[in-house]
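Here is my note on the model, point by point. It covers the sheets and then the aromatic side chains.

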Amino acid sequence: MDVPKIINGGKHTDDRGTLSYFNEFDMYPIHRFYVIEHPTVDIERGWRGHKTEQRWFSVCKGSFLVKLVKIDNWTLPNPEAQQHTFLLDDSEVLHIPKGYASYLKANEPSSKLIVFADGKIADAGLDDYLFPIDYFKEE
């Protein structure tokens, strides 16, 4: 079973500035990406799931709280499913295998998150499952 995992990056700083890198992030399967910006820390985005698509989250500004739930039944998932919690900053990429729903909340105003997806935009509407923000119970 695929489980969410962090891909650590690194930084190199010299007199010209800082270069951030993610050498272990294989972008081969990715077809598209988009950027999510939360202007305040009050915004909650979720729970959105994907049965067949994988996602990779990378913070480009600020930081985000990310919660993930493995969906056991796409019609009526277990509201008490185990939540995987991550605090993401700009030094890592979070890989989300297919079969998970995600929740996002910025930890800092104006935080930005890049989302990479392995599905094509023409198929995106066929693999988009949205659950109410309060559906999955806190642990």
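1. Strand β6 (residues 55–61) pairs with strand β9 (residues 92–96) in the antiparallel sense, over four bridges. Strands pair if DSSP finds at least two bridges between them; strands (E, at least two residues) are DSSP runs numbered from the N terminus. Within this pairing, serine 58 stands opposite valine 93 of β9.

2. This is a predicted model, in which local features need pLDDT of at least 70 and side-chain atom pairs count only at pLDDT 80 or more, while totals for chains, interfaces and linings use all residues. Residues are numbered from 1 along each chain as its sequence is written, and side-chain values use heavy atoms, with hydrogens and water left out.

3. β6 and β9 belong to an open sheet of five strands in the order β1-β9-β6-β11-β4, with antiparallel pairing. Its edge strands, each pairing on one side only, are β1 (5–8) and β4 (32–38). On average, neighbouring strands of this sheet are turned by 25° against each other, direction ignored (axes are lines fitted to C-alpha atoms, and angles run from 0 to 180 degrees between N-to-C directions).

4. Another open sheet of five strands runs in the order β8-β7-β10-β5-β12, and its pairing is antiparallel. Here β8 (83–88) and β12 are the edge strands, each pairing on one side only. Strand β7 (residues 64–70) pairs with β8 over six bridges in the antiparallel sense, and leucine 68 stands opposite histidine 84 in β8.

5. How many aromatic pairs does the structure hold? There are nine. Rings of Phe, Tyr and Trp (its six-membered ring) pair if their centres lie within 6.5 Å; planes under 30 degrees apart count as stacked, over 60 as edge-to-face and the rest as tilted. One of the pairs joins tryptophan 47 and tyrosine 103: it is tilted, at 5.6 Å centre to centre and 35° between the planes. The pair links strand β5 (residues 44–50) to strand β10 (residues 100–106), its two residues being 56 residues apart. Both tryptophan 47 and tyrosine 103 are buried (under 20% relative accessible area, 1.4 Å probe, protein chains only).

6. Tryptophan 47 also pairs with phenylalanine 136, edge-to-face, at 5.0 Å centre to centre and 70° between the planes. Phenylalanine 136 lies in the segment after β12 (129–130), 89 residues from tryptophan 47, and is buried as well. Ring pairs link Trp47, Tyr103, Phe131, Tyr135 and Phe136 into a cluster.

7. The charged end of lysine 67 sits over the ring of tyrosine 103, 5.3 Å from the ring centre (the criterion is NZ of Lys or CZ of Arg within 6 Å of the ring centre and within 35 degrees of the ring normal).

How values were computed: Buried means under 20% relative accessible area, exposed over 50%, partly exposed in between (1.4 Å probe, protein chains only).
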